[in-house]
Amino acid sequence: MQLIAANVDTAFVVTSCNQDFNVARLERYVALAFEAEVTPVMRSTKPDLCKDVGSFVQEASNISQQVLALALNALGDEPQTKLRDWCKSRQTIAFLESSGVGKSTLANALSDEQSVETTVIREDGAKGRHTTTRRQLHFLQNGCAVLDTPGTRELQLSDAQDGIAKVSDDIAALANRCRFSDCTHETEPGCAIQNAVKRGDITPDRLARWNKLVADERFNSASLAERKSDHKALHKMIRAVQKQPKVRQ
Ligand SMILES: Nc1nc2c(ncn2[C@@H]2O[C@H](COP(=O)(O)OP(=O)(O)O)[C@@H](O)[C@H]2O)c(=O)[nH]1
Ligand SMILES: [Mg+2]
Ligand SMILES: [Zn+2]
């Protein structure tokens with residue numbers, strides 16, 4: 001388990017309008033932000049390199065009606081104007097997501113000095129390289145704190161049930177109406193979620209992503225809890241041995 005940041009007000013979930021765009025990953029970041037009670041905002045960069053920006057933004061905004069999803073060219077003056085509402089005095093904003101999506105470019109665009117290193121990536125493969133290797137906090141003249149983070153290759157959630165329920169609040173609400181309380185939403189009769197899929201209210205893709213997210217979170221939380229209790233048991237044993245009176249032979 002690794003902490004990414006603390007005391008953040010707004011988390012910009014940054015993604016590029018290219019092959020690197022991944023709805024399931026965006027969904028996790030949004031769930032993470034909700035869990036941490038941070039406001040997520042999705043920003044799709046590199047609209048200048050893409051023919052169909054609208055469909056990327058639409059896919060991102062389908063993730064949750066509670067989250068703003070907008071395109072943003074990280075090069076030029078758009079960051080200054082389009083992020084202004086969040087970059088206020090005493091606010092802390094963070095840029096999250098994979099490498100090569102433009103997090104450091106955005107951090108640079110906001111600060112007066114170009115202090116963050118960025119790397120040109122090959123847009124055909126769309127995979128970023130890890131240029132940023134540590135978290136960096138920049139202070140803008142107006143008193144806003146801007147956190148640039150290294151790209152995360154994979155994000156797994158644990159202890160994030162509330163965040164997951166919030167990102168898919170319609171599915172979570174339906175799950176409470178299934179006939180069986182331990183419904184897996186696959187083949188059971190009286191499954192409110194499967195019925196919604198049949199009606200066309202929820203796409204099968206979205207349900208598959210949600211099932212996986214819930215299962216992964218459950219697995220991660222259980223294995224972390226198990227590891228914690230293993231550690232506790234080991235420490236208890238060590239303490240018990242240390243307390244034994246020393247016996248001379
Ligand atoms: N054309 C274009 N290039 C961008 C945009 N955003 C970032 N880039 C480029 O993408 C590359 C990776 O950006 P970087 O900020 O290092 O990504 P990071 O790994 O998320 O910090 C750099 O060459 C940037 O100039 C954008 O909106 N449009
Ligand atoms: Mg970077
Ligand atoms: Zn069900």
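User: Why do strand 1 and strand 4 count as a pair?

Analyst: Pairing asks for at least two bridges found by DSSP between two strands, and four bridges join strand 1 (residues 10-16) to strand 4 (residues 92-96), so these strands pair. They run parallel, with Thr10 opposite Ile93 in strand 4. Please bear in mind that this is a predicted model, where local features need pLDDT of at least 70, side-chain atom pairs count only at pLDDT 80 or more, and totals for chains, interfaces and linings use all residues. Residues are numbered from 1 along each chain as written, chains are lettered from A and ligands numbered from 1 in written order, and side-chain values use heavy atoms, leaving out hydrogens and water.

User: What makes strand 3 and strand 5 edge strands?

Analyst: The open sheet has six strands in the order 3-2-1-4-6-5, with mixed pairing. Strand 3 (68-71) and strand 5 (136-139) each pair on one side only. From one strand to the next, the twist averages 25°.

User: Which strands does helix 4 touch?

Analyst: Helix 4 (residues 103-110) touches strand 1, strand 2, strand 4, strand 5 and strand 6 (145-148), where contact means heavy atoms within 4.5 Å. Its direction makes about 150° with that of strand 4; such angles run from 0 to 180 degrees between N-to-C directions of lines fitted to C-alpha atoms, for helices over the stretch in contact.

User: Why is the approach of Ala74 to ligand 1 called a polar contact?

Analyst: A polar contact is a pair of N or O atoms within 3.5 Å. For Gly102, the distance from a polar backbone atom to a ligand 1 oxygen is 3.0 Å. Asn73 brings a polar side-chain atom 3.1 Å from an oxygen of ligand 1.

User: How many residues surround ligand 1?

Analyst: There are 20, and the closest are Asp48, Ala74, Gly100, Lys103 and Thr105; a residue belongs if one of its heavy atoms lies within 4 Å. Helix 4 gives the largest share of this shell, three residues.

Terms used
Helices (H or I, at least four residues) and strands (E, at least two) are DSSP runs, numbered from the N terminus. A polar contact is a pair of N or O atoms within 3.5 Å; within protein, one must be able to donate a hydrogen and the other to accept it, and residues adjacent in sequence count only if both atoms are side-chain atoms.
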